[in-house]
Amino acid sequence: MDKLPDKSPDRTIRSLHITAFAGSVFALILSVMLILNFLQMKRIDPLNSRTLILLNERLKTNPEDKTLREEIRSLDLLARKAFFTSQWQIRIGGYLLLISGLVVVISLKTTDFIVKISPDEPGRQKLDFWERQSASRKWIAGAGVVMICSALILAFMTDHELGRDLEHALGGAVAAKGEPANANVGSDKANRENRMVELPADVPGMVSDSVTQSADQPSGFAANPVGFPTQAEIRKNFPGFRGPGGIGIDHHKNIPVSWDGKSGKNIIWKTKIPLPGFNSPIVWDDRIFLSGANETRREIYGIDAGKGTILWTTVIDKVPGSPAKAPAVNKETGQAAPGMTTDGRRVYAIFANGDIAALNFEGKIVWVKNLGVPSNHYGHSSSLIMYKDRVIVQYDQRGSAAVMALAGPTGDVIWKTQRAVKVSWASPVLVHTGTRMELILAAEPFIAAYDPENGKELWRTDCINGEVGPSVAYADGRVFSVNEYSKLTAIQLGEQPRILWEDSEYLSDVPSPVATAQYLFLATSYGTVVCYNVLNGEKFWEHEFDQTIYSSPMMAEGRIYLLDKLGVMYIFNASDKFQLIGQPVLGEGTFCTPAFTDGRLYIRGNNNLYCIGK
Amino acid sequence: MFRKSREFWLLLLLMLLAGSSFAIQRFPRPEFETGYQQPETMLPGPRAEIMAVVDLAVLILALSAVSWMVLKKRSRKGVFWVSMFSLVYFGFYREGCICAVGSVQNVTLALFDPTYPIPLTVLAFFIIPLIFTLFFGRTFCAGVCPFGAMQDLVAFRPKTINSKVDAALGMMPYLYLGLAVLFAATGTDFIICRYDPFVGIFRINAGFSMLLFAAILLLTGIFIARPYCRYLCPYGVLLNWISRFSYRHMTITPAECINCRLCENSCPYGAIKIPNSVKYAETRRQRVRKLMFITLLFPFLMVGGGWAGSRLQETFAGVNRTVKLAKELLVSDQNGQDVESFEIKAFRSSGKPLTEVYQEARIILHRFLIGGWILGAFLGLTTGLMVAGKLLENHQSDYVPDKGACLSCARCTDYCPVMGNTMPTELNHKA
């Protein structure tokens, strides 16, 4: 809309235009000054003065330096003065800018009021009503389509796993109509402390889970297994040797304390395992997995946890690169000593000849490969451990020791880190130390931790001599390593891990220790169990069972479960006083470590797998 | 000499850029080793309760004054000066808070969360402009809303927007209103306040994004009058609806319209209905088809919109603090984070059970699912109604304001040559 100036107030309009012009020039200058001030302050950044930071660092090393202290104070005062002066300038400048802006606007608006209206020539834009309506309809419909498309694009770009993750975190309980489930999974303060202290291995990161139950499959089968399990899933199951994270701490409830293999008391079922193996059972949902092997045959078994029926047996053979003849191994190690592991989508097993296989829950081979026959004079025994959707292999052999992560779905090597260590029979442990996940391995000459994401070494401590069988224990930021003919070492983690204490009175050849925030329980191969104070290595108690022990102690419900070679389970309180709770007998010798689920215990004897419970 | 458009652009841009210099962080407290005790943080005392009454009185007086200026005096100047007063009082003095536009969220939250005690002043600021609108049209927009006043100040060269573009952009306020209600109803956020473009100017203190938004709106406002009011304001949606039924809305002409067409392009908001005397010669078949189309369109748009909205459940919920915390906790607990955020640390130290957060997050997520459906269906319904509205015939012989879109600014009255029953000679001549 044009406006024609009336001739009479020309002078006023001119004055107003000059005022507006002057106001805008003033505002322009102010704006430039304020912008420069802002840029200068951003460049100087008194909040993070490098000089002050450096001087403060110097003061930390020499806190008594009074001259330095005074210098810091002077500089600090200067920085503050600069900052507050700048603040004052900004505020005053802002007000002046606002006033000058108002002057400009008022001048121009007044001009508008003075100038008389000259309406447009009518008739120029006369449009047909129905044409306008029609065009508007199309544009509105177009805008609606744009909104829907934008919504869909946004929806597809969004990760839709939060709901599922929350369900899993809440224990998988499905609440109707959005009402909270009564699942008890999370961690109240006590639980959290428990997790961080006694149960530190809040194991492998698992973010998503896409397992779906198929109606035509038995429960527990992962119909389209992708992703990796949540922490809740892992705790609900028993995914590897010595439980979640491999630290010997179990989270299940109502674990039995009495049974008798001979009379069958509390023995729910017993199943003969075709081939021998010293690997311990692992459990996922209603499936138990074991491997067995001799010199000519390697097998993996999927067993129904409810009835003990062997549902499938998968033979691992004709693996490219696999040696025609099985390596010579010690009879107490065998061809199938390493524990299996599972991520709930696949199950993984490794044998003494270097064959490693991933199977789905129906026993079908997903991938299989040979890692090269390990140069290991007793036979490879390091168990597998899972992290996210990968399986980690400690492959400490003579000449080319390494640790590697293989992709669960494909078997591709995600990372591989060479290790300057000797042969090790210990298994990896995966823990969350409060700040990060650490994969901790034991082998002569050191305990070392690695980032499970990329295999980068995080720290190492030289404290091992000789052959290493036991895996480390972990609790509350402390790592405990032990091996025969060497020493027991407690390492305090931190920026620089340091040795907290050492002891060499009782040492273990095979069983791995288990620790809590207060106690360390060590079982020697010759049957003595010792309870230490984790802080200083002081012994609370020791007890001799006088039997050979190869199985590792497990802690569940505040009790320690320890099997001897004859199949007698010693159950005692995990406390600073020895209190034997029970001594049930399996009736069959065993080398293995038991697996736990709610109300049940699974023990692999020399020939049979036992399910114990009520 | 000063040439308005170019210089003003530059000036405005620089002023707004300069505003970013306010966004600097505050200096942290010094650390003393001498045992010096930091003084207690002093909080300003609460505003005297009587001032809330003053605010309400000012609101009612301003609304009355504008309504009087528009309906009785038909004075654009009068409306302008009241709007300047409102800009100073509700804008710079009250710093954009309390505000009828934002009160939509308080009312929504009060409806969905019985534990939220909505202040009576806020409720009054929500209702009183609506009541005035029901009687006198959108006089609140004309001279009481500080946002409108601010934009009116810079509307130097308003251009008429093409009606089809105007119609399409007219859907934006519905979207904004829907989102504001959704986020308020779920206790997630007051997005109208968070993204208020003018409050930074009122308070002479704003972050970069707020200033940028204000800059875009004000620069646009030079050529497109009141862009926020027309294409964003969620409260404007309610006023638009109510104004259609207003008891006594302003008219362009004080007496009979002489169809001189001088006002035809006078409205910078395109809110003047042009007379349409041409009847559409529809066959019976065409009318049946149109009816069928409209009938089928609504369920399709509402279900389609609802479904699309429900798909945004997690996108929307991601804004919620509890859901965000739950998400971070899930990742942290499951994946192991090297460095935990302050939020996680604060949560850990609170001793609150983790399950509680997860359960809360799940409930909120479910609310967003329902909310997404409702929002989508609402937008589908709105789109359908707008399309259907463009299918209806509109016969009128005079130039009249579109009662919904008209902001009652009274600009058009200055263009009307009709003075009661007489006509000034000069303009009569031109007409």
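Here is a walk through a few parts of this structure, starting with chain A and ending with a pair of helices in chain B.

A word on the ground rules: this is a predicted model, where local features need pLDDT of at least 70, side-chain atom pairs count only at pLDDT 80 or more, and totals for chains, interfaces and linings use all residues. Residues are numbered from 1 along each chain as its sequence is written, while chains are lettered from A and ligands numbered from 1 in the order in which they are written.

Chain A holds seven helices and 34 strands (DSSP runs numbered from the N terminus: H or I of at least four residues for helices, E of at least two for strands). Of its 614 residues, 45% are buried, meaning that 20 or more other C-beta atoms, placed from the backbone, lie within 10 Å of the residue's own. Take the contacts in chain A between residues at least 6 apart in sequence: 55% of them join residues at least 24 apart. A contact here puts two C-beta atoms, placed from the backbone, within 7 Å.

Now for some strands. Strands in a sheet pair through backbone hydrogen bonds, either parallel or antiparallel; to count as paired, two strands need at least two DSSP bridges between them. Look at β34(A), residues 608-613, which pairs with β3(A), residues 267-272, in the antiparallel sense over five bridges. Lys270(A) has Tyr610(A) as its bridge partner there. β34(A) also pairs with β33(A), residues 600-604, antiparallel and over five bridges, with Tyr602(A) partnered by Cys611(A). A hairpin of three residues links β33(A) to β34(A).

Elsewhere in chain A, four strands make an open antiparallel sheet in the order β20-β21-β22-β23. β20 (473-475) and β23 (498-503) of chain A sit at the edges with a single partner strand each, so one side of each has no neighbour in the sheet. From one strand to the next, the twist averages 20°. β20(A) is joined to β21(A), residues 478-482, by three bridges, and Tyr474(A) has Val479(A) as its bridge partner.

Over in chain B, the axes of helix α3 (residues 76-93) and helix α7 (residues 146-154) come within 8 Å and cross at roughly 125°. Axes are lines fitted to C-alpha atoms, for helices over the stretch in contact, and angles run from 0 to 180 degrees between N-to-C directions. α3(B) and α7(B) are therefore oblique to each other, the class left over once angles under 35 degrees (roughly parallel), over 145 (roughly antiparallel) and 65 to 115 (roughly perpendicular) are set aside. Residues that meet include Leu87(B) and Phe90(B) in α3(B), and Ala149(B) and Met150(B) in α7(B).

Notes
A residue is buried if 20 or more other C-beta atoms lie within 10 Å of its own, exposed if 12 or fewer, and partly exposed in between; C-beta atoms are placed from the backbone.
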